[in-house]
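Have a go at each before reading its solution.

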Amino acid sequence: MKGAFRQSMGWLHTWAGLVVGWVLFFMFLTGTLGYFDAEIDRWMQPERPLTAAAVAPAREVAFALDHLTKEAPEAARWFVGLSGDRSPDLRVFWRGPPGPDGARGKSGSAQLDPATGAPTRYRETGGGQLLYRLHYRLHYLPATTAYWIVGVCTMFMLIAIVTGVIIHKRIFRDFFTFRPRKGQRSWLDAHNALSVLALPFHLMITYSGLIFFAYLYMAPVVAASYGLGPDAQPTFFDELFERNGTSPPAGTPAALTAMGPLLKQAEDRIGAGAIRFLNIHNPGDAHAHVVIAGGTLTPSRAPTELTFDGTSGALLDVSNNRSAAMSTYQTLLGLHEGLFAGPVLRWLYFLWGLVGTAMIGAGLVLWTAKRRAKIADRLGFRLVARLNIGAVAGLPVAIAAYFWANRLIPVAIEGRAAWEAHAMFIVWAAMLLHAFVRPSGRAWVEQLWLAAAAFGLLPLVNALTTDRHLGVTLPAGAWDLAGFDLTVLATGLGFALAAWRIGRRRAQSERRADRAAWASAPSRPEAAE
Amino acid sequence: MTVLAALTLAIFGFAALALSMHKHHRDVFGAPPTHARRLPLRVAGWVLLGLSFAPCIAQAGWAIGIVLWLGLLTAAALAIVLLVTSLPSAKRRPRARGNPSA
């Protein structure tokens, strides 16, 4: 029975992986880039000052409240996100009172310069945020559709991981095994090594990815407890997030208390510079509440929250406990997002993500390597082989195109952020077309060289279009910006190396095939004379 | 600094574990590990890996430290894979005539 079990697990692993492999490759690559979303944001808005001086929280809050009082005096809630390490702007958000029919109030937001309080005027771009959101939101699709597609693919990925561990017979003995230049065996070794060496990450990222939208995929579970009425989901979320603390507005206007003392109390409790955001409920009303949140970042994403009375400034509550269910949920999401990670750990997350992306790519190529001898002429095989090229080599080219578009699309163009994304998908479509039209071996080499050029030349494009290039950022010690250019350069070199070696091996095997054909020719040219 | 210490311990730990394996020991020393060698190498490997846990927790606390440790383990293991792969395989080494284990 063991043989049959392993065989069926093998079948499941292959098909679960293959059917959604290209979507997973896309998700992993864009998600991995998401770990550096703030740095990519930074590079894609070169108008930002080279270095930003720190601003006192009290000043930032004052700027924010000025803006909010002007823009949304009647709001039900104001949100102020202080600038920090990975968010250079002062962010404000407001939500208006609910409509007469119970509809959610209108909302609005703005990014302000923390030094001046004025709305920022950098080039409109999706930045790294857009790249990162692609990995669960996809593009050009309604949100729920995208979440379902992503959810199905993630479920298949989880199946692929578990079955992969089951079928990997020598998981300990082959832990360090990688035999290069042996064709199919090398691809198997690579796929295995990349899977096993980052197995905790792969399991965590996949399972936590599913948890993100558990309320959507497991909607019947919510319905079983809360029913199917229009109030069911809102009630569920209110109870889950314990949102029943704030009272509705009294209707009588009252001045909002001064923020300075509240901020000081908060910093006394959670540490200087540790305040991250404020929520002000019913500002300007007698029932106003101010919630100041902050504290060190941890995987459980639990900020300490101080709740103050909005008119008297009295401290009402300090809390950072949540239910066990909530803690578990938030910890899993926190591990997935890695927002708590410092520089070293962030690079490790990036490495893990790249390992996962490469694992999927190696798996896709392994599928064709294993079957080339037997079924290379079948339509299914050719489809997989061409899609592999378009995804594994073509998607990186498309992502580089996104960065090129950021530098080349004029700043004043309306809707340039959307066009940066369009550029990425247009180039990707072109790569897929190229993969189907060119001979298979040549298509790989050509797209890899294209990727090498697209990434390797990006720092040059940067230098020609902005003054945030390596010549400026390295001497100034602006490591976020310099790091982007250097990483992109290294990526280009990596692709160039791959393109060169694969090109050379193809040329060698072509020469060998030519020699074999010549040696076995029925008649020699001399004999014909 | 502590991160570097943890990474170094992990690299040596994985190196010891790799050396305790038939193929990799043979590639480095020309012959598979003797019984007397295998157990100490295994123990040393696991102990070093375990020791690399402490600096991570010291640096970043329990919650973040565990994640950091796992990340360093992956990096260290990858380094050892690349290292043992770059060694010429003992199978292909030229052998002295009449001495199959040289």
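Across the interface of chain A and chain B, the rule finds 2 residue pairs in polar contact, both at pLDDT 80 or more (N or O atoms within 3.5 Å, one able to donate a hydrogen and the other to accept it; residues adjacent in sequence count only if both atoms are side-chain atoms). The model is predicted: local features need pLDDT of at least 70, side-chain atom pairs count only at pLDDT 80 or more, and totals for chains, interfaces and linings use all residues. Residues are numbered from 1 along each chain as written, chains are lettered from A in the order written, and side-chain values use heavy atoms, without hydrogens and water.

**Exercise 1.** Work out what the side of chain A that touches chain B is made of.

Step 1: find the main contributor. Helix α13 (residues 343-375) of chain A gives the largest share, 7 residues (helices are DSSP runs of H or I, at least four residues).

Step 2: sort by type. That side of chain A holds 19 nonpolar, 1 polar and 1 charged residues (Ala, Val, Leu, Ile, Met, Phe, Trp, Tyr, Cys and Pro are nonpolar; Asp, Glu, Lys and Arg charged; the others polar).

**Exercise 2.** Trace the open sheet of chain A and pick out its edges.

Step 1: read off the order. The 7 strands run β3-β2-β1-β4-β5-β6-β7, with antiparallel pairing (strands are DSSP E runs of at least two residues; a pair needs at least two bridges).

Step 2: look at the ends. β3 (107-112) and β7 (315-319) of chain A each have a single partner strand, so one side of each lacks a neighbour in the sheet.

Step 3: zoom in. β1 (residues 77-81) and β2 (residues 90-95) of chain A are joined by 5 bridges, and Phe79(A) has Phe93(A) as its bridge partner.
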